[in-house]
Structure formats: C-alpha cells, structure tokens
Amino acid sequence: MQTSSVAVIGQVKRPAIYELPPWQLAAPLSTLMAMAGGPEVRGSYRYSVLRTREDGKREMAQVGGGTTPIHDGDVVFVTPTADVSLAKVDLRGGTTLNGSYPLETVRSLRGLLTSADMFAPTVGRPLPYLLADAVIRLDPATLQRTVIPFSASDVLEGKADVALQSNDVVYITNVAEMRYIARKAGDVQRNPSRKVNDHPDPLAPPPVPDPAMAAALAQQSAALNANPALAADPRLAQLVALQGAQGLPVSGAAPGGSSLLAANPAYAAAMAGQLNPQGPGTQDQGPPRPEEERLNPGIVAPPDVITSQDGSTARAEDDQDQMTPTPIGLPVGAAPGQAVAGQSAYLNPALAQRPRRPPLRLFAGLDDDTRRLLVGTLGNYHVTVVGEVNSPGDFLVMPGATLDKLVRAAGGLTPKVDLHAFEVTSADIDNASGLSRTVRHSYGLPVDQFAQVTLKPFDRVRFNPVFSDRDTGDVTLAGEVKFPGGYEILRGEHLSSVLARAGGFTNAAYPAGVVFLRQSVAEAQRDTLQKEADALERQIVAIVGNAGNKAQVTDGEIAYVTQMIGRLRQGTGPASGRVAVHVDPKEIAAHPELDLVMEPGDQLVVPRQPSAVVVSGEVMAPGGIQFRGDRSVDDYIAMAGGMTEIADDDHVFVVQPDGSAIQVDGGGWLSAAPKLAPGSVIVVPRKLRHFTWDSILMDIIQVTSQLAITGASLAVISK
C-alpha cells in the first residue's frame, strides 16, 4: 500500500515525520499542525516548506494560510516571526533575587530595589558593592547599548531613582568587580598614556624550543603509542604530558611492561579526577546558573582582586592550589599500589576527589562588548583614599556620595588617624574651556560628621596619622651593657639616655673603644667610595693610554690599583658607617654637645677592655702585642719585626680605639707622637714609586687608610 509522509520541525510540540492516510498525496497545513500538537507557545509564526521540484532540485517557499496543501516529501519549518520579550527588566549581579521582572510592576529602580535584604551576603561570593552600579540599556533606535550609573545605596535611601524601560538590565556590581574597574581607572589617572579597557594583553611570542621539553614530549608520544589505554582517555594522556613536562618518568611501566595507569584503576581514576575539573564529584559548581551566565561566564578575577578584602580570600587559596602543577608519577618498576613519598594523596581517590570551587569570575552574564562598556563607564567615577584606613586604594562612587560611605567601603579608619586635619583633593574640570584646576580642602571633623563632606569623581582623600614623638625604628645596644638588646627611641633622644635605659656599662666595659654604627653614614660612605673608584678608574685609563707612561707602569701595579677599585665598589664590609663617639658620662657632662642624637637603626657595641695593640701593614710579623703605657709607636713596630723594604715610614698612622686615625709624623718638628691606648692599631702602609702615579698617590694613601680603619673596627668588635 502506497503511503505519503511529510515532516514538521521547529517550534511545535511534537516535531516528527507524519504519514498521511492511505492514497492521500497531500494534506492542508492546518491538519499537519494539529497532528504536531500546534506551536510550542502562543505567538506569531512563519511557515516555510522545503519541497522537491520535478527536475530533482529543492526549493524553499513560504506559505501563508492553513489551507495550503503540503505534499508527499515536503518538510514544514515552523519558526517564530520575532523572538523579542517586551515589558521586562532583568536584575543581575550581586543580588540574591536575580531574574526577570515585569516592567508594569517595576517602573523605576525604587520599584525594583525595594529592600536591603536583596543584597544579603552569600557564602563563597564577594560582597555586593552598592556605591557604583549600572543600568544597561539598549537604544531601540540605534540598537546600541548605553550605561547609566547609579548608586543602589542612594536608591534604597530614597535619594535617587532612574525610570526603567523595556529590556533594561540592572547590574549590581560586587566588591571584586569594583576593585577591578577602580584599579584600572586609577592606573590611567596616574599614567594618562594608558586607557581604561580590559582587552586581553597581546599574545606573547612563542617560546624558544627547549631540548629537555622536546625530549619529554618525544617520550610522551612513545608512551602513548605503547599504551593504547592512555591514548583512549585524553585525561590520562594529559597526565602523561604533565609527567614529561616535569621531568618525571612518563612510561609508568609496571612489571610485565603494562602501563601503571592502566594496571592500577584506582590510581588512574584519581589522576583523571585531578585533571578533569568538570568531572562529577570533583568540583563544587554551586547553584545552577541562568542561561545568560552559561553563555557569558565572565572573566577570571586577577589575583590582586581575589585576595583583597571582599570575602573571597579562601577561594583564592583554592584556585592557587588548583592551578599549581602537582608533581606526579611513580618510578619505573614500581608495583601497582606502591606508594612513593608524597604520593599518598594521589593513590587515594578520596583525597584526589576533594571538592573544589570554581574560579571566581567577574561580570558573569555580560557579553564582552557590554563588559567593556561597563568598565569604561564606571571607571569615570573612581576616587582614591590613602593613609590611615584599613583598606586604602581606588574605589568607585557616584557624584555626591558622602565621605562616610567611602570610609566604610575602605574598611574604616585606623586607630592612628588624625582627624584634626585630613584633606580632599579635587579636580575642578571645565569642559567648555578645556581646563582643569586642582582644589584642595582640609577638614577637621569627627567621624559622625563625615556625611557633611561630599565627593565627586577623581577625588583623592588623604588621612594622615597622628604625630608621635616615638621615632620609627629601634636602636641596638650590644656588648658590655647591663641590658643589651633593641630599644625604641623618641624623636631627639640622646645616646646617654639610651645607655641609662640599658643600665649603663658593666665593670668589664671599655668605653674608649665603643663601636658606633650609623646607617646614614654608611650610605654616605658608600657613595663617597663609589666616586673615588670612578676617579681612580679615569686616572688609570689616562695613564695607561699615554704612550710615554707605558714603560713606567707595570702590570702588577695596574692590577694592584684595579683590586683597590674593586674593593671600593664592594664597600667597606660590616663595619661600614662607623662614627667616632664619646660615651664617657663624665666627658659628656663636661661637654653636652658630645651627646649624640640617636637615629633609628643605630648600633652601639661596647667591647671589653683589650690588652693588646695591633700592628698591621708592612711589618715583618703583623699581629697583636701586649699593651704597656711606656711603649711608643716605634717600640711596637720594632717588636713586630720592623718594617719591610716596601714600607712607607713617612705615612705611618694610628687608629685609636674609638675609630679616629692620627698620623704618627704630623709634618712638623713640634708634632707630638700620638698617645696609644689598649686596642689601638698601628698601620704601616706600602710605599709607592713616584713614576707617573704622582697624580693618584694621595688617593691610594687615602683609600688605604680608610680600609685600615675598617680593619681596626673589626678588630675591636671581635675582642
């Protein structure tokens, strides 16, 4: 029996192929629609028929009335004439009541945002941000989107309202999204050459092939070819790739040559679960997402946004853990189920399938163009708060927002804030003249009056700390004081005061040999030595470059000065920054100007009284010699074996225990020999020939003396 059949597809309740009654070659369109159950929903539809012509070619024709005959082999397409929802408003973002609302019941924002309960915090998600939100509107004439900023906080308080239109999207931002936009806008404010957008960065150039990585990939390919079970499961293939990328065994061969992953189902399941974040039971996906969020999942939040004060710090740690590659793999020859140190979590499927939350995403439900428009528009309403607030940085507020709301958004004030004088710097922009003038206001208000201060875009609020007489940093006392350690100091506090707080000297202390180190002096000394090194280098180049001096300059002499320059560039060691000070209480009482004002970072080392005088430099037997008050410099040099042939006896000097240096031969016949004390250091420098080095001879002597002083400081500290 010959039968005819037609197909009905599209927006009908029962799309299918239908057979016509016997010997019936055609049927009216209305009959076929009744057989298919009619349209899915009420509305206007367009009916098209795909039919085969007598020449065998197919053509599509649009049909109108329900009496149009549909013949054997025809296909009827039922499509809506328009897929546009009218008279509705969508609420999205950081609310608990997202969805579509009829426009007739929510004519304005006040009718939509009726209660603060809509913004209740949700566990695991950033807090809503109610100071900068937006209405995203589609212009029916141009079909272009526009963004209308508003403050949900002002709407809830009855201070602002915006009339809504059909198909408006009311988007409530959260704290993470606000920080994302505000930091981009702040970067532009500080660097005007940049623009506010969130286009992805340009693609990085492809990396240079690494031989080790190429070998690992080759090993991976061999493992896949040798183990069909791995190639059949892309997750296990990815596991092999990770093993090869980390330089671990990729074959995983068990005894007998079979794949360890294939031979150990528990291990393979655990590994596959680690590599499949979308697998069942391995990730906490949260509540079902609406259609617009599935189509536009948003962008992944940057790390600096995730870890900020928005209630998502724990999520950041999970994401970091999830994104960090984990060493995996077992040694070749390991038996199935044999655990290696640190691998127990991977051999245990319960540990491997620990629930994980998905990465935090921003602007979910907005397509790329809408997101960029939202970021660019709200970025024009950024302000900055610095100083004594708990979470300083860039924020978004609407014009007319009050200071109290901004301070709450910044986490509140710290206990050290100075409310006597805080300032607000504004930009008075005149678009007509093309000029901007900076206006700064200073306020002295208690916190309960912050609502009197209104803000506008591009404002910068600064809260200073209260002035304190406590200095920033400690000083350190070590050695022969009764209570050594670190001490806080007040501004302008003197050395005698700190010594008194430390209990004074012990009976074994040697005040004449104290070592006082200061950071600012060390920095100045390093700068000076760098300049001296530069000067010596220039003079060496000038001397060596002169052809007439080449015969007078030996390679050894050049090497000696070059080593000296290297020592200068490296600094003077741990004793750098020493200052000669007087700490004897009687001497300070007689001369108060000797009582040094302390600085943060100062160090005072009080040694025990030494019993020797050190002789260093060009002597036969450098070292320490027992101190006696009746011995002179010549006596100590003689007891050290006398000077060498290259010693410069005209420039011998003595480093006193306090760090000061005195030349033995003062240059005059009335000059008195320096008085020696326990812990003194006698330095005999090396003699330099007066070939063509006359211009740098004094520099060399000066450098040598500085290094000798440093050596003396080290000697005193170590005794």
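Figure 1. The chain exposes about 38,600 Å². Carbon and sulfur atoms supply 55% of that area. The model is predicted. Of the 719 residues in the chain, 39% are buried.

Figure 2. The chain holds 22 helices and 29 strands. How much of the contacts with a separation of 6 or more comes from residues 24 or more positions apart? Such residues account for 67% of them.

**Figure 3. An open sheet of five strands.** In general, strands of a sheet pair through backbone hydrogen bonds, and the pairing is either parallel or antiparallel. Here the strand order is S9-S8-S12-S10-S11. The pairing is mixed. Which strands sit at the edges? They are strand S9 (99–102) and strand S11 (145–150). Each of these pairs on one side only. From one strand to the next, the twist averages 25°.

**Figure 4. Strands S8 and S12 side by side.** Strand S8 covers residues 88–93, and strand S12 covers residues 168–172. The two run parallel. How many bridges join them? There are five. Look for Leu 91: opposite this residue stands Val 170 in S12.

**Figure 5. A helix against the sheet.** Helix H15 spans residues 368–378 and packs on the sheet. Which strands does helix H15 touch? They are strand S10 (133–138), S11 and S12. The direction of helix H15 makes about 40° with that of S11. Strand S11 is also an edge strand of the sheet.

Notes: Residues numbered from 1 in each chain as written. Predicted model: local features only at pLDDT ≥ 70, side-chain atom pairs only at ≥ 80, totals over all residues. Heavy atoms only, no water. Pairing = 2+ DSSP bridges. Helix = DSSP H or I, 4+ residues; strand = E, 2+ residues; numbered from the N terminus. Axes fitted to C-alpha atoms, helices over the stretch in contact; angles between N-to-C directions. Contact = heavy atoms within 4.5 Å. Buried < 20%, exposed > 50% of the residue type's maximum accessible area, 1.4 Å probe, protein only. Areas by Shrake-Rupley, 256 points an atom, 1.4 Å probe, with all protein chains shown as cover.
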